[in-house]
Amino acid sequence: MTDHSSPQDMPPSNTDKDIVVAEHRSLTEELKNSEDWWAIYLGAIILGAAFLVIWLNPPVAEIADYTSPLKGWFAKPGSWESNPVDSVYQSPKKNSLAGIAVVFLVSLLTFGFGAKVMGTSFRRFAIGFCFVFLLATLAYVLTGQVVVKNYNLEYALWALGIGLLISNTVGTPGVIKPALRTEFYIKTGLVLLGAEVLVSKLIALGVPGIFVAWVVTPIVLISTYIFGQKVLKMESKSLNMVISADMSVCGVSAAIATAAACKAKKEELSFAIGLSLSFTVIMMIVLPQIIKAVGMSEVLGGAWLGGTIDSTGAVAVAGVMLGDTAKDVAVTIKMIQNILIGVTAFGVAVYWVSFVEKDETSTRPQVSEIWRRFPKFVLGFIGASIIFSLIYSQGETSQTMVDSMKGDCTKVFRGWFFCLAFVSIGLETNFRDLAKFLKGSKPLILYVVGQSLNLALTLFMAWLMFEVIFREATQKLLQ
């Protein structure tokens, strides 16, 4: 959290805090104060409440004529041609304003409560959240314009653009900053996404996905670190390692975990996060266009996205630009890759203690380090996938109930949560602060070379696994 691979990114101050407390947080404190666990709590509440409503009002005889009791309760702005008001109100029968208001209230109360428990004033969060939600609504409205829709300019691009415009002109007002909880929004949305990715797809993608994620990732990480030390001769080994892990595993979450493992300086972590964020935004926009231009299949394109884009949230949004199949493949690959966060941090900690900082007082890190570094929200994603896959397998009635829950509720919330996250990213990103990453410095060269290797190896491995070795099995199950 990842993740927070960047769009999973937290402000540097929060990031620094996480590094400090990561080693000392007890299980009780972690369950109470971790965004990963709160993402699971909130995702479970939304999924459980939505399914309960449908379970109490199930389809009876004519399943084909079933109308979900959730239909119309939750909404986002729709299409419009010349009048943007039409996106929220066209007629009494096409009025999405009430559904948007309900989404706003539910989101404010759930995220606000979680933020309060984690130490942020509910009042301060609420004030900022109103502004962030308003910008997310604007992004959806702009996305709904018919000409814009024809060019497939997704809400993520508008959300990022609006946030970047504000942060790089007038600046992001301080009153908004308590609500800029990028990772919180994305992780909760990904837990909801788990209900949409059935276990059959996870199994189909499991073996080839493991090859794409678990073979390429360590090769890229080790090669990039060696390149930084032997070729670029970077003075800071810890900065070298943090950038290598950030780029090869999954962005900010891996950077945070690795920084703690190798005792990187706070400014080095902030530097790596900014670098990751810059390239995540570029790759999220550019890679889907390249995939479309060359006619790559959704399965192969999704696998390529999942193995290369740093942020899990950005992976999901980039996958949506290609289609539902690409989204499922991309997110699954990224989730498989996320598992390496804890393993990577543990391995780096062992290497650092054993070789980089070896002395008489050094002690080997405990295996529990893997659990401390593991992105816990992944458990929510997997749990939701397993639970709703079991329900879905119970017959046509259960399938209708699950599909209604997803289509009329959880997909709507997931889209809003991702949109909130990308607005937050834009508002947190100032190009003046990131300009130093574009001056040809060694860290920039390291990232570009490492990411180029990552793109090439991931594409080759994805092609080999999904288009050659497992082509028939994966295509059959993903139809």
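At 41% relative accessibility, Lys-442 counts as partly exposed, a label for values between buried (under 20% relative accessible area) and exposed (over 50%), with a 1.4 Å probe and protein chains only.

A quick note on what you're looking at: this is a predicted model, where local features need pLDDT of at least 70, side-chain atom pairs count only at pLDDT 80 or more, and totals for chains, interfaces and linings use all residues. Residues are numbered from 1 along each chain as its sequence is written, and side-chain values use heavy atoms, with hydrogens and water left out.

Patch members have over 30% relative accessible area and no salt bridge, with like charges joined within 9 Å and nonpolar side chains within 5 Å; a salt bridge puts a Lys or Arg side-chain nitrogen within 4 Å of an Asp or Glu carboxyl oxygen.

Next, pick Ile-282, Ile-285, Val-286, Ile-290 and Val-294, which make a nonpolar surface patch of about 400 Å². Val-286 belongs to helix H12 (residues 266–293) and is partly exposed at 38% relative accessibility.

For contrast, jump to H13, residues 298–308: ten of its eleven residues are buried, among them Trp-304 and Leu-305.

Finish in the largest nonpolar core, 134 residues, where Phe-129, Trp-416, Phe-422 and Phe-466 have the most contacts. Helix H19 (residues 396–428) supplies its largest share, 16 residues. Such a core joins buried Ala, Val, Leu, Ile, Met, Phe, Trp, Tyr and Cys through side-chain atoms within 4.5 Å.

Terms used
Helix = DSSP H or I, 4+ residues; strand = E, 2+ residues; numbered from the N terminus. Areas by Shrake-Rupley, 256 points an atom, 1.4 Å probe, with all protein chains shown as cover.
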